[in-house]
Amino acid sequence: MWDNYVMRSTRNVVEEDLGPEMGHYSDPPLLVLASLAGGPKHGHSMIEDIAGLCGTRLGPGTLYGAIARLEQQGWIEPLPAEERRRPYRITGEGLRVFKAKMATLEQFVKAGVARLGAF
Amino acid sequence: MKPGLARLLTRLYPRGWRERYGEEFVALLEDEAGGGLLAEVRAAVNVVWSALGERISPTPGGKMSRDPLSFGAIVRHPSAYVPIAMSVTALALLLGHIALFGTGPEVVINGRPDEGAVAHLWQLLMAAQLPVLAWFAIRWLPRAPRPTLGVLALQAGAVLAAMAPVFLLGL
């Protein structure tokens with residue numbers, strides 16, 4: 001139940017057991033950038049989108065911790081509120097950061113898969 | 001989650017954080033309803049943990065207490081206040097010149113009549129702010145139409161104020 005539930009930071013997000021949730025990716029700011037790279041969204045839509053993307057369901061506090069930090073860094077920006085819900089979108093700088101992170105991850109995945117092939 | 005509990009949990013965050021994100025955060029907590037009691041407990045624990053983290057290690061930046069799309073926040077952007085400052089400078093130059101030298105005849109330089117340095121400065125200040133105004137409108141109108149229109153009205157007022165002596169005194 002708690003296995004794929006991400007708390008505030010990336011600490012303690014890898015569980016001790018080796019269940020299927022072990023493969024969930026949980027870097028909240030990167031997940032938010034990934035979600036917003038697909039278009040502007042408000043909090044609830046982001047949570048659902050990220051759950052669909054990688055199976056990780058961010059807690060509301062975790063999500064807004066990531067949103068606040070990303071906004072302060074200028075990587076995402078708020079749009080006018082729709083009633084009480086405020087959508088966010090990724091900025092040009094955020095998109096560049098996201099692309100760079102994806103390129104690094106791609107390299108990492110390739111190297112990791114190659115090493116797994118040795119077993 | 002019930003609105004009362006959502007508001008109570010949001011109050012755990014520092015004031016600045018609440019002023020910036022409180023309303024939308026409460027709305028999110030209310031949206032997260034429907035997952036059953038366990039899901040609500042899980043969300044509540046997550047919020048308590050995150051609020052504690054925010055108190056111990058606040059989000060850096062310092063822009064937390066102001067809605068970045070409010071009039072007060074938008075008017076602080078250089079593209080908002082620089083045109084106003086240029087209009088005010090142009091008006092001050094013009095009024096200063098009129099106070100010191102009146103609205104006398106044109107200066108003659110090398111046998112040709114000239115409007116004088118103050119007139120050229122006024123023209124430069126008024127013309128140079130046009131691209132800044134356009135940039136401001138293009139950048140902010142789609143994001144926050146109402147506050148941006150307020151700032152544009154302020155900028156237009158400053159432009160009109162700077163132009164008024166020219167037309168009223170026939171300069």
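User: Why are helix 1 of chain A and helix 3 of chain A called roughly perpendicular to each other?

Analyst: In this predicted model, the two helices pack at an angle of about 75°, with their axes 9 Å apart. Angles of 65 to 115 degrees count as roughly perpendicular, and helix 1 of chain A and helix 3 of chain A are therefore described in that way.

User: What makes the contact between helix 1 of chain A and helix 3 of chain A?

Analyst: Helix 1 of chain A contributes P28(A), P29(A), V32(A) and L33(A), while helix 3 of chain A contributes residues including L63(A), A66(A), I67(A) and L70(A). By class, the residues of this contact divide into eight nonpolar, two polar and one charged.

User: Why are helix 5 of chain B and helix 6 of chain B described as roughly antiparallel?

Analyst: Helix 5 (residues 78-101) and helix 6 (residues 117-140) of chain B pack at an angle of about 165°, with their axes 8 Å apart. Angles over 145 degrees count as roughly antiparallel, and that is therefore the description given to helix 5 of chain B and helix 6 of chain B. Their crossing is left-handed. Among the residues that make the contact are M86(B), L93(B) and H97(B) of helix 5 of chain B, and W122(B), L125(B) and F136(B) of helix 6 of chain B; by class, the contact has 17 nonpolar, five polar and one charged residues.

User: Which residues touch the most other members of the largest nonpolar core?

Analyst: Of the 33 residues in this core, V32(A), L33(A), L63(A), I67(A), L70(A), I76(A) and L29(B) touch the most other members. Elements of both chains each supply at least two residues, including helix 1 and helix 3 of chain A and helix 2 and helix 3 of chain B, and helix 2 of chain B gives the most, with seven residues. A second, separate core of ten residues includes I84(B), L125(B), V159(B) and A162(B).

User: With which residues is I67(A) in contact, leaving aside its neighbours within four places in sequence?

Analyst: With those neighbours left aside, I67(A) is in contact with V32(A), I76(A) and Y88(A).

User: How do you know which element gives the most to the side of chain B that touches chain A?

Analyst: A contact requires C-beta atoms within 7 Å, and 27 residues of chain B are in contact with 23 residues of chain A. Helix 2 (15-31) and helix 3 (36-56) of chain B are the elements that give two or more residues to that side, and helix 3 of chain B gives the most, with ten residues. The residues of the side of chain B that touches chain A divide into 14 nonpolar, five polar and eight charged.

Terms used
Residues numbered from 1 in each chain as written. Chains lettered and ligands numbered in written order. Predicted model: local features only at pLDDT ≥ 70, side-chain atom pairs only at ≥ 80, totals over all residues. Axes fitted to C-alpha atoms, helices over the stretch in contact; angles between N-to-C directions. Helix = DSSP H or I, 4+ residues; strand = E, 2+ residues; numbered from the N terminus. Parallel < 35°, antiparallel > 145°, perpendicular 65-115°, else oblique. Left-handed = near helix turned anticlockwise from the far one by under 90°. Contact = placed C-beta atoms within 7 Å. Nonpolar A, V, L, I, M, F, W, Y, C, P; charged D, E, K, R; others polar. Core = buried A, V, L, I, M, F, W, Y, C linked by C-beta atoms within 7 Å. Buried ≥ 20, exposed ≤ 12 C-beta atoms within 10 Å, placed from the backbone.
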